[in-house]
Amino acid sequence: MDTGEVAYYYPQPFWDMRESDSLKSLLLFFDRIAILLPRYMHGREILADPVFAGPLERQGLLEVLEPETFVDKEVAEALRESVLGLIEAGAFDGLDKKVYYQELSYSRMGWSADVDLGKSLVKVLAKRGLAKKSEDGVSVPLHPKVRTTILVLISQLARGRGRRLGLDLHPVTSDRSAASGMVETLGLPTAPSAGHVVTLDLEAVGVDLSTVPLDEVIGFRDQHAAEFRAYARKLRELVAALSPLDQADRDRLLADRREEMADEAHSLRKTAMRAWQTAQPVASVGLGVVGATWAVQEGNLGWAALNLALGIVGAALPQSEVGAYSYLYSVRDAFGSGRIGWE
């Protein structure tokens, strides 16, 4: 696989046509989009969105990763240990067991890499009423919160696996439940990231590209990719800078950066609108990020696998720090309504 900044789309294995316009805008910030699609779902991404996913795949802009090979033993081990750590931390205590359980493919849970690891994870979940017996032989029904949490963990573990394959993967989602799940997981009192979680709100950085042909979007990106990617990178770096600070210092740093980020977002909007006079300013492309950095804690076995697997969140972080992050994106109705904030 070749190098490049790749948006790792999650938590679902593919999108439908309702999301295609916002994903088109996402191409301004990344070289291409990757999905994690089990083999038994082959071709469903095209059926779900033939208008956008089809041309995207034909032009080499859609990277279809198969969990049967992508989720290797290292990912499977880290996933299992991380989920067990979350169970011990009480992350799934008190859940309503009467909700509809949603299927997750065995391959995404690591069965292809090590069937014993996969089976043992499902066995633990089933014992706690968080998983049910498979109905199709290729997936397991999970409590929706557990399913989302596992997919969030995979999105982070994918970064390390991507590096081993020469892929620079960046988790991206428009699913607020996935973002909320990440905040809850990182914010657990027993987690090494507790107290470090930062959420930077969606900032309006582009225009609605629904009427713009894909070829024109790629041509524009070839000219302006550095500007859009620099903005996305600064969001990620800001998470790393804010995470270790207390509230007062976060407020001060955020006040210093807010005007700078707003000016850059405004500049990106102007650049896009000059290129496409037909692009409507009534719908803005929002980009934000959620994440945390934390120091590796010796002897914290419950989180050791996750610490090792996540790797470095920013380019200049000390080797003693790890981190998790995800970009958030959407197309919203109020142009310019985005803001930078934190939690």
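Author: Start with two tyrosines. Tyr325 is buried, and Tyr327 is buried too. Buried means under 20% relative accessible area; over 50% is exposed, and values in between are partly exposed (1.4 Å probe, protein chains only).

A word on the source. This is a predicted model, where local features need pLDDT of at least 70 and side-chain atom pairs count only at pLDDT 80 or more, while totals for chains, interfaces and linings use all residues. Residues are numbered from 1 along each chain as its sequence is written, and side-chain values use heavy atoms, leaving out hydrogens and water.

Now the pairing rule. Rings of Phe, Tyr and Trp (its six-membered ring) pair if their centres lie within 6.5 Å. Planes under 30 degrees apart count as stacked, those over 60 as edge-to-face, and the rest as tilted. The count by this rule is eight aromatic pairs.

Take Tyr9 and Trp15. Their ring centres are 5.4 Å apart and their planes stand at 70°, so this pair is edge-to-face. Tyr9 has a relative accessible area of 5%, so Tyr9 is buried. Trp15 has 3% relative accessibility and therefore also counts as buried.

Back to the two tyrosines. Tyr325 and Tyr327 form an edge-to-face pair as well, with 6.0 Å from centre to centre and 80° between the planes.

One more ring joins the picture. Phe52 belongs to a cluster with Tyr9 and Trp15, linked by ring pairs.
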